[in-house]
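Me: I would like to learn how to read a protein model feature by feature. Please take the sheet, a helix and the charged pairs in turn.

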Amino acid sequence: MQESEGGPVAEEVRRRIVRMIATGALVTGDRLGTERALAERFGVSRATLRSALVPLNRAGVLERRTGRGGGTFVRGVVERDAAEQLGLPQRLAVGGGREVATVVLSARERAADATEAAALGLGPGARVVEVERVRYADGLPLSLDRARLPAALVPGLAQADLAGSLYALLEERFGLAPDVSEEVITVAQATRREAEHLDVPPGAALLHLYRVARTADDVPFELSDDLFRADRVQIVARRGGPSRADVLPRG
């Protein structure tokens with residue numbers, strides 16, 4: 001893949017950094033290293049690296065410090081209380097009864113990569129079921145969702161009807177219900193493929209939700225990357241009273 005400043009290579013580096021923070025490989029206060037060292041670590045040019053770091057600095061995930069002990073440090077990420085477990089249809093209903101539709105792009109079983117295996121607690125040679133879908137609200141694309149689940153926990157999922165609530169299907173068919181979810185929310189730039197599915201220009205701002213869901217027995221069963229159109233979605237978190245955090249469509 002050819003490098004280009006602000007292009008898909010920079011966006012992949014940005015997402016790798018987000019995954020490292022989400023999985024604990026990087027924690028608040030960690031120093032990422034010099035620009036030259038980071039460029040060598042990710043195998044990109046320094047210009048491409050800068051393009052990857054800019055949106056993370058703007059979002060407050062990273063912090064650039066000057067001076068003798070300066071550099072790029074992990075500042076932290078935006079968190080949301082996931083005590084209320086709602087799928088997208090329920091979230092949209094809370095926002096005013098929007099008409100919801102889903103297009104399944106793919107559903108397949110494959111070998112888990114290293115990041116997926118670590119997040120889901122899988123051993124060598126484990127397989128996952130990957131489900132990719134576009135979610136619509138009132139006829140317009142709202143999100144592009146990619147979920148990965150341990151194949152051993154969800155036999156036959158790839159052949160199931162996945163146009164409805166995935167959580168409802170997982171609970172009804174496999175007895176899997178989210179008791180705890182850990183989410184990392186950052187800003188992303190749409191790749192060309194993502195832009196086509198979400199009907200936005202390449203490079204448009206997206207909200208990137210990286211989630212790991214666990215059962216009441218602390219079994220991780222879902223790793224998901226959800227990309228929401230930033231012009232149609234807002235994240236609302238409330239303190240006091242019943243705990244809730246909703247993703248609501250704008251307009």
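Me: What should I know about the model before I start?

Reply: This is a predicted model, in which local features need pLDDT of at least 70, side-chain atom pairs count only at pLDDT 80 or more, and totals for chains, interfaces and linings use all residues. Residues are numbered from 1 along each chain as its sequence is written, and side-chain values use heavy atoms, with hydrogens and water left out.

Me: How do I read the sheet, and what is the order of its strands?

Reply: Strands of a sheet pair through backbone hydrogen bonds, either parallel or antiparallel. Helices (H or I, at least four residues) and strands (E, at least two) are DSSP runs, numbered from the N terminus, and two strands pair if DSSP finds at least two bridges between them. Here six strands form an open sheet in the order β4-β5-β6-β9-β8-β7, with antiparallel pairing. The edges are β4 (100-111) and β7 (180-189); each has a single partner strand, so one side of each has no neighbour in the sheet. From one strand to the next, the twist averages 15°.

Me: How many bridges join β5 to β6?

Reply: The count is 10, and the two strands run antiparallel. Val131 is opposite Ala147 in β6. Two residues lie between the strands in this hairpin, where Asp138 takes a positive phi near 55°. On the other pairings, β4 and β5 are antiparallel over 11 bridges, and β8 (residues 205-214) pairs with β9 (residues 220-229) in the antiparallel sense over nine bridges.

Me: How is burial judged, and how many residues of β5 are buried?

Reply: Buried means under 20% relative accessible area, exposed over 50%, and partly exposed in between (1.4 Å probe, protein chains only). In β5, nine of the 11 residues are buried, so the strand is largely enclosed by the rest of the structure.

Me: Which strands does helix α6 lie across?

Reply: For contact, the rule is heavy atoms within 4.5 Å. Axes are lines fitted to C-alpha atoms, for helices over the stretch in contact, and angles run from 0 to 180 degrees between N-to-C directions. Helix α6 (residues 166-174) lies across β5 (127-137), β6 (140-150), β8 and β9, at about 165° to β9.

Me: Which residues of α6 are buried?

Reply: Leu166, Tyr167, Leu169, Leu170 and Phe174 are buried in α6. They cover an arc of only 160° around the axis, taken from the directions from the helix axis to the C-beta atoms, which puts them on the same side of α6. The buried residues of α6 pack against β5, β6, β8 and β9.

Me: What caps the N-terminal end of α6?

Reply: Ser165 does, with a side-chain oxygen 3.1 Å from the backbone nitrogen of Ala168. Just after α6, Gly175 has a positive phi of about 70°.

Me: What counts as a salt bridge, and how many are there?

Reply: The rule asks for a side-chain nitrogen of Lys or Arg within 4 Å of a carboxyl oxygen of Asp or Glu. By that rule there are 19 salt bridges. One of them joins the side chains of Arg211 and Glu222 at 3.0 Å, N to O. Arg211 lies in strand β8 and Glu222 in strand β9, so the pair ties together parts that are 11 residues apart in sequence. Both Arg211 and Glu222 are buried. Salt bridges that share partners also join Arg108, Arg110, Glu116, Glu130, Arg146, Arg148 and Asp225 into one network. Within the sheet, Arg108 stands opposite Glu130 in β5.

Me: Where does the pair Arg135 and Asp145 sit?

Reply: Their side chains form a salt bridge of 3.6 Å, N to O. Arg135 is in strand β5 and Asp145 in strand β6, so the pair ties together parts that are 10 residues apart in sequence. Arg135 is buried at 4% relative accessibility, and Asp145 is buried at 11%.

Me: Is Arg14 buried or exposed?

Reply: Arg14, in helix α1 (residues 8-22), is buried at 1% relative accessibility. Its side chain makes a polar contact of 3.3 Å with the side chain of Thr186. A polar contact is a pair of N or O atoms within 3.5 Å; within protein, one must be able to donate a hydrogen and the other to accept it, and residues adjacent in sequence count only if both atoms are side-chain atoms.
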